Amino acid sequence: MSERSVEHVTLVIERSYPASPERAFAAWADADAKARWIGASGEEFELDFRVGGREHHRGSLPDGRLYAFQAIYHDIVRPRRIVYTYEMLIDRARISVSLATADFRPERGGTRLVFTEQGAFLDGHETPARRDQGMGGLLDALGKELQSEQAATQHARRGGASA
């Protein structure tokens, strides 16, 4: 776009998972699990999950454009919260810069995840509504990851026998 602009937005997305905060948190901290639920198979993906550590992935969007996600972890309190900043680029154009917090709260034998993003959306490249939808989809994928992990654990406890 030729016109320069910035739109500041706070997004809050909540999900409940039938997994402990420790398990939900671990799905963010473990590179293999995170790659599965964010759909990073076949893409460049790196995760250094520690304060000061970085996460980076890049790949292709369905329309063929290239994207890059680059994050820095600023605060990690196991298994309670993760605070990080990140930028998103499409075809090397920075489309947003955000501060994000994932807050894991115990809830009736499971976890209530409250994800808050304070974003600066740049030059009209992406709308906050689209980010809200995209992050919501990722958090739904996290729920599926936790359910498949739970099913695998239950299967292993039964000695691999069919139900």
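Accessible areas were computed by the Shrake-Rupley method with a 1.4 Å probe, and for residues only the protein chains shown count as cover. On this basis, the accessible surface of the protein chain amounts to about 9,100 Å², of which 50% belongs to carbon and sulfur atoms. The structure is a predicted model, in which local features need pLDDT of at least 70, side-chain atom pairs count only at pLDDT 80 or more, and totals for chains, interfaces and linings use all residues. Residues are numbered from 1 along each chain as its sequence is written, and side-chain values use heavy atoms, with hydrogens and water left out.

The protein chain contains three helices and seven strands (DSSP runs numbered from the N terminus: H or I of at least four residues for helices, E of at least two for strands). Of its 163 residues, 42% are buried (under 20% relative accessible area, 1.4 Å probe, protein chains only).

Residue E55 lies in strand β3 (residues 54–60) and counts as buried because its relative accessibility is 2%. Its side chain forms polar contacts of 2.7 Å with that of K34 and of 2.4 Å with that of Y73 (a polar contact being a pair of N or O atoms within 3.5 Å; within protein, one must be able to donate a hydrogen and the other to accept it, and residues adjacent in sequence count only if both atoms are side-chain atoms). Beyond its neighbours within four places in sequence, E55 is in contact (heavy atoms within 4.5 Å) with residues including I38, F45, L47 and F69.

Key:
Buried < 20%, exposed > 50% of the residue type's maximum accessible area, 1.4 Å probe, protein only.
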